[in-house]
Amino acid sequence: ATLAAAAQMSVTLSDDSKMLDEVVAIGYGSAKVKDLTSPIVVVRGEQLLSTPSSSPMAAMQGKVAGVNVVNSGVPGSGPTVRVRGTGSFSNSNPLYVVDGMFYDNINFLNSEDIEDMSVLKDASSTAIYGSRAANGVIMITTKKGKANQDLKISFNTSIALQDVNDYV
């Protein structure tokens with residue numbers, strides 16, 4: 001019996017930058033940025049950490065056009081967030097979607113845990129999320145662990161004091 005000689009094949013791959021498009025996750029799917037007609041703004045977690053604040057929404061103040069974040073100044077209370085102004089009579093708060101779950105506020109989140117925030121500012125977001133999205137949608141993706149990587153521990157701290165000066 002004779003052994004058949006193995007054929008050898010050489011394959012070369014080349015780059016095609018025309019095929020690369022940025023993809024944005026919206027609702028239950030994803031779309032290419034060039035195909036979107038709605039205004040979507042993405043704020044990365046690093047941008048939130050550049051401003052020391054007590055909540056993620058307070059850190060977003062002034063970073064997105066069309067999103068008004070007003071801090072009341074009351075200790076422990078979250079800021080008031082309005083996307084495109086006051087939308088309805090009963091509730092003007094945006095819908096928060098954290099890793100696919102719906103929330104009325106995100107005061108429980110730490111800015112360190114956020115990978116990115118996407119703000120859907122127009123009425124087409126109601127096609128995805130229904131009437132709860134009439135006042136805009138803020139989609140939040142949190143950081144997740146990565147497989148096959150070494151253990152990484154990071155530590156960040158800050159302190160704030162409140163005291164009444166010249167109490168009469």
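Author: The following account takes the pockets in turn.

This is a predicted model, in which local features need pLDDT of at least 70, side-chain atom pairs count only at pLDDT 80 or more, and totals for linings use all residues. Residues are numbered from 1 along each chain as its sequence is written, and side-chain values use heavy atoms, with hydrogens and water left out.

A pocket is an open set of points on a 1 Å grid over the protein atoms alone, where a 1.4 Å probe fits, with protein on both sides within 12 Å along at least five of seven lines; its lining residues have an atom within 4 Å of a point. A volume is the space filled by probe spheres set on the points.

The largest pocket has a volume of about 610 Å³. Its lining consists of 18 residues, and K143, K144, K146, K152 and S154 lie nearest the centre. Two elements, α1 (45–49) and β8 (114–120), each give two or more residues to this lining; β8 gives the most, namely three. Helices (H or I, at least four residues) and strands (E, at least two) are DSSP runs, numbered from the N terminus. Nonpolar here covers Ala, Val, Leu, Ile, Met, Phe, Trp, Tyr, Cys and Pro, and polar covers the others, Gly among them.

The second largest pocket holds about 450 Å³ of space. It is lined by 18 residues, with T51, P52, S53, S54 and S158 nearest its centre. Its lining comprises ten polar, seven nonpolar and one charged residues.
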